[in-house]
Amino acid sequence: MTLTAVPHVLPPLPYPYDALEPTIDELTMRIHHDRHHAGYVEGLNAALDGSEWADRGLEDLLADLALMPEDKRVAVRTNGGGHANHSVFWEIMAPNAGSDPTGPLRDAIDATFESVRGLKREVSAAGNGRVGSGWAWLVYDGAGLAVTSTANEDSPLMSGQLPLLGVDVWEHAFYLRHQNRRSDYLEAWWWAVDWGRVAQRYATARAEGQDGKRFELGQEGRP
Ligand code: MN
């Protein structure tokens, strides 16, 4: 969860643009990363430029949105949320992924959702049920795992939840290959999920939760 750089920077895609074929096609990855995500980073830096908020890390900004003046809040919510969300999205995908989770993450998934299949069903339902653009998430909220959905580029970090896995359900994420069939995309998408990365995020989230501060902070800043 290294979103501390200021000014904010576009993280390089951690694999080639065509690496997730056929689940996500190369042109979609190029446009999505190089234009959409880059645009959010640019918009975020432009909104913060010269302000007292310019040296704050992204997680802090999103947790403290309520404290921000309104003229900045809208831009940071959209562009900062977009930057945070897409950073998770690229990180938790990989070529030749798609095997099932193992270890403590698997135990928590089984305890909370009965099975990996149960989790996938809930995430897909959250993604299919989102009206308009947004995201479906597996989050850690300080106590345990939960599936949520956010509108537009809202981030789980705005509500003090740490995103472990997120799937972008904006049409730009799937339209070229799957056209209007969001449910086909959501079903195919699991083949691109790198559960090893999700497990690492879960371990980090639990460690941060144990120091007692992180989840209080997020909840105080709830917009
Ligand atoms: Mn997107």
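I started with the sheet: it is open, has three strands in the order β2-β1-β3, and pairs them in the antiparallel sense. (Strands are DSSP runs of E of at least two residues, numbered from the N terminus, while helices are runs of H or I of at least four; two strands pair if DSSP finds at least two bridges between them.) β2 (145–151) and β3 (162–168) are the edge strands with a single partner each, so one side of each has no neighbour in the sheet. From one strand to the next, the twist averages 25°.

I noted that this is a predicted model, where local features need pLDDT of at least 70 and side-chain atom pairs count only at pLDDT 80 or more, while totals for chains, interfaces and linings use all residues. Residues are numbered from 1 along each chain as its sequence is written.

Next I looked at β1 (residues 134–140), which pairs with β2 over seven bridges. I found V139 opposite A146 in β2.

Which residues does L138 touch, leaving out those up to four places away in sequence? I listed L119, V123, L145, V147, L164 and L165. (Contact means C-beta atoms, placed from the backbone, within 7 Å.)

Then I turned to α1 (residues 26–48), which has 23 residues and reaches 32 Å from first C-alpha to last, close to the 33 Å expected at 1.5 Å a residue. (The expected span is 1.5 Å times one less than the number of residues.) Just after α1, I saw G50 with a positive phi of about 75°.

Notes. Contact = placed C-beta atoms within 7 Å. Axes fitted to C-alpha atoms, helices over the stretch in contact; angles between N-to-C directions.
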